[in-house]
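Here is a walk through one protein chain, taken a piece at a time. Keep the sequence and the model side by side as you read.

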Amino acid sequence: MSHKLADGTSYAEFLKAWADTARVRGVHAQPKFESAALFPPRDVAPEIEFTPVVQSIISPACLLIRERQLEKLRGAAYALERARPTRVEAVIALLWRCAMRADGREARGRRLEAAVTVNLRPRLRPQLTKDYFGNIFAMVYASGVGWEGAEEYEQGFLEGRLREAIRGLNGEAREELRMTRAAAEGVERYLFTSLSRFPFYETDFGWGGPAWVAMPPYGMKNWFVLMKARGGDGFEVWAFLTEAEMEGFAKDPELLAFTSSPGSI
């Protein structure tokens with residue numbers, strides 16, 4: 001399904017309803033095609049920047065973060081900031097921190113920004129149910145404060161920046177929520193998407209659920225996708241970086257302390 005039609009929430013619910021209908025498991029709620037009334041179409045296309053890479057080879061990696069490792073990661077951030085991050089915030093902060101170290105641009109004063117996709121359905125006022133079909137998500141942006149010191153590489157700092165950005169969404173300011181922006185000149189952006197709550201493993205057309213739900217590369221760099229791990233124990237993370245950056249990222253001591261390999265890809 002093209003992203004021009006719908007977001008990940010709609011895609012996952014469509015698959016689940018299709019599978020359940022094929023197995024005659026009752027009638028699902030009909031999708032609501034009312035997104036245009038909530039967010040009237042605009043003439044100007046959104047400036048979301050998904051940077052295709054043609055001159056570099058993208059290297060994918062799949063990492064497993066089990067629940068016990070995740071709780072350890074969240075606890076360490078809480079000990080430093082006295083604010084316990086959500087599971088997604090903790091994982092994104094870890095990945096962002098390790099990717100920045102692998103990037104190596106901090107010595108040249110480059111700003112490094114995180115763009116995080118957020119499902120708007122539960123955040124709008126009034127809230128929307130998940131059967132609202134369409135692209136009902138927002139991009140939130142978090143960055144450091146100049147990137148001149150080592151503070152941003154310490155556990156707890158980026159978790160706080162992410163928390164401020166995500167929880168700063170105003171569910172009543174719909175026009176503001178629709179705004180996306182391209183990365184400013186001199187800013188390197190990392191895109192994070194969480195699909196961990198989507199019911200992909202519950203989608204059964206009659207021959208059992210999927211053995212493994214994975215994310216194929218799309219020729220984009222600096223992209224990270226969080227998914228529910230097989231068996232439900234934690235997250236699987238798909239990381240897409242250039243070969244040069246992946247080499248340093250995969251060897252980062254902090255990353256190795258909290259992740260493991262889920263097996264062959």
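Which residues of helix α7 (residues 243-250) are buried? Glu245, Met246 and Phe249 of α7 are buried, where buried means under 20% relative accessible area, exposed over 50% and partly exposed in between, with a 1.4 Å probe and protein chains only. These three cover an arc of only 100 degrees around the axis, so they sit on the same side of α7; the arc is that of the directions from the helix axis to the C-beta atoms. On the other side of α7 you will find Ala244 and Glu247, which are exposed.

Before going on, a word on what you are looking at. This is a predicted model, in which local features need pLDDT of at least 70 and side-chain atom pairs count only at pLDDT 80 or more, while totals for chains, interfaces and linings use all residues. Residues are numbered from 1 along each chain as its sequence is written, and side-chain values use heavy atoms, with hydrogens and water left out.

Now step back to the whole chain. The protein chain has 8 helices and 6 strands, in the order α-α-β-α-α-β-β-α-α-β-β-β-α-α from the N terminus on. Helices (H or I, at least four residues) and strands (E, at least two) are DSSP runs, numbered from the N terminus. Of the 265 residues of the protein chain, 47% count as buried. Among contacts with a separation of 6 or more, 74% are between residues 24 or more positions apart, contact meaning heavy atoms within 4.5 Å.

With that in mind, return to α7 and its surroundings. The buried residues of α7 pack against β1 (58-65), α4 (87-103), β5 (223-228), β6 (235-242) and α8 (253-258). Let us follow one of these partners, α4. The pair α4 and α7 pack at an angle of about 120 degrees, with their axes 8 Å apart; axes are lines fitted to C-alpha atoms, for helices over the stretch in contact, and angles run from 0 to 180 degrees between N-to-C directions. That angle makes α4 oblique to α7, since angles under 35 degrees count as roughly parallel, over 145 as roughly antiparallel, 65 to 115 as roughly perpendicular and the rest as oblique. The contact is made by Leu95, Cys98, Ala99, Ala102 and Asp103 of α4 and by Glu245, Gly248 and Phe249 of α7. Cysteine 98 counts as buried because its relative accessibility is 0%.

Helix α4 also meets α5 (residues 157-167), and there the axes come within 9 Å and cross at roughly 125 degrees. This makes α4 oblique to α5. On the α4 side, the contact is made by Glu89, Ala90, Ile92, Ala93, Trp96, Arg97 and Met100, and on the α5 side by Leu158, Glu159, Leu162, Arg163, Ile166 and Arg167.

Leaving aside its neighbours within four places in sequence, alanine 114 is in contact with Trp96, Val140, Tyr141, Ala142, Leu162, Tyr190 and Phe192. Why does alanine 114 count as buried? Its relative accessible area is 0%, so alanine 114 is buried. Although alanine 114 and phenylalanine 192 are 78 residues apart along the chain, their C-alpha atoms are separated by 7.3 Å.

Next comes the loop between β2 (111-119) and β3 (137-143), where leucine 124 is found. Leucine 124 has 0% relative accessibility and therefore counts as buried. Its C-alpha atom is separated by 9.3 Å from that of leucine 169, 45 residues apart along the chain. Proline 126 has its place in the loop between β2 and β3 too, and a cis peptide bond joins arginine 125 to proline 126, with omega about 0 degrees.

Our last stop is asparagine 222, placed in the loop between β4 (187-194) and β5. Phi of asparagine 222 is near 60 degrees, a positive value in a residue other than glycine. At 2% relative accessibility, asparagine 222 counts as buried. Not counting residues up to four places away in sequence, asparagine 222 touches Glu188, Arg189, Tyr190, Leu191, Phe240, Leu241 and Glu245. That brings you back to Glu245, one of the buried residues of α7.
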